[in-house]
Amino acid sequence: MDAQEWIQLSALQHYAYCPRQFALIHIEQVWADNFFTAHGNLLHERVDSYESEQRGNTRYERSVAVLSQQLRIRGKLDLLEIEGKSSTQYFPVEYKRGKPKREDWDKIQLCAQALCLEEMRETSIEKGALWYWQVRKREPVLFDERLRAVTCNAIEGAHALLATGKTPMPTDKAKRCSACSLVDLCEPAAFRRDRSGAYVDTIFLELRESESNEN
Ligand code: SF4
């Protein structure tokens with residue numbers, strides 16, 4: 001299997017947020033830090049520096065490498081809580097700098113971690129959690145059928161986009177661009193202007209053609 005066909009778990013969040021962002025980073029290899037990404041990196045460095053430990057019946061493993069051969073995804077999860085000895089229960093936890101979101105972007109990454117663990121350890125994982133630095137809150141996430149389907153769609157979509165090697169047009173959701181670290185490199189406003197310019201050109205072309213047919 002070609003090593004390039006693997007997708008990083010963190011890249012799924014990029015794809016879910018904006019396929020163009022995914023393509024710019026993972027196809028064109030473009031990257032730019034902004035305050036949010038720099039702060040997120042610092043947070044992860046700090047989380048990664050903690051040691052694994054045993055507390056009571058629970059083992060806390062940090063920076064755990066995981067992969068799924070079937071889905072061709074791999075990466076690291078921040079924290080894995082392993083509870084019990086005879087019947088082991090796994091509980092993945094991912095740290096995020098911001099706050100809980102209505103959209104599934106962060107949940108997709110966490111669910112993909114669970115899919116990797118399920119394949120590697122031949123188990124089933126019911127839930128995990130996202131821990132948000134900004135609000136110091138741990139949000140439980142249920143790996144239900146809906147989230148699993150959304151996650152698998154994102155994995156398939158990311159693989160398909162990677163295979164084309166092409167960067168799609170900017171998202172129509174302009175609000176996302178204002179929080180995107182790639183906004184200066186992506187220039188979504190210029191693309192949108194070009195698109196509306198092309199639309200106006202088409203209208204004038206059609207008008208000119210209908211006028212010349214009438215004459
Ligand atoms: S600036 Fe907007 S369109 Fe461009 S990559 Fe970011 S979110 Fe996507």
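Modeller: Gladly, starting with a definition: a residue is buried if 20 or more other C-beta atoms lie within 10 Å of its own, exposed if 12 or fewer, and partly exposed in between, with C-beta atoms placed from the backbone. This is a predicted model, in which local features need pLDDT of at least 70 and side-chain atom pairs count only at pLDDT 80 or more, while totals for chains, interfaces and linings use all residues. Residues are numbered from 1 along each chain as its sequence is written. Helices (H or I, at least four residues) and strands (E, at least two) are DSSP runs, numbered from the N terminus.

Let us take α1 (9-17). Eight of its nine residues are buried, so α1 is largely enclosed by the rest of the structure. The buried ones are Leu 9, Ala 11, Leu 12, Gln 13, His 14, Tyr 15, Ala 16 and Tyr 17. Their cover includes β1 (7-8), α2, β4, α4, α5 and α6.

Beyond its neighbours within four places in sequence, Leu 12 is in contact (C-beta atoms, placed from the backbone, within 7 Å) with Ile 7, Ile 108, Gln 109, Ala 112, Ala 154, Ile 155 and Ala 158. Leu 12, Ala 112 and Ala 158 also have the most contacts inside the largest nonpolar core, which has 37 residues. Such a core is a set of buried Ala, Val, Leu, Ile, Met, Phe, Trp, Tyr and Cys residues joined through C-beta atoms within 7 Å. At least two residues of this core come from each of α1, α2, β4 (73-83), β5 (89-96), α4 (105-121) and α5 (145-164), and α4 gives the largest share, eight residues.

Definitions and conventions
Contact = placed C-beta atoms within 7 Å.
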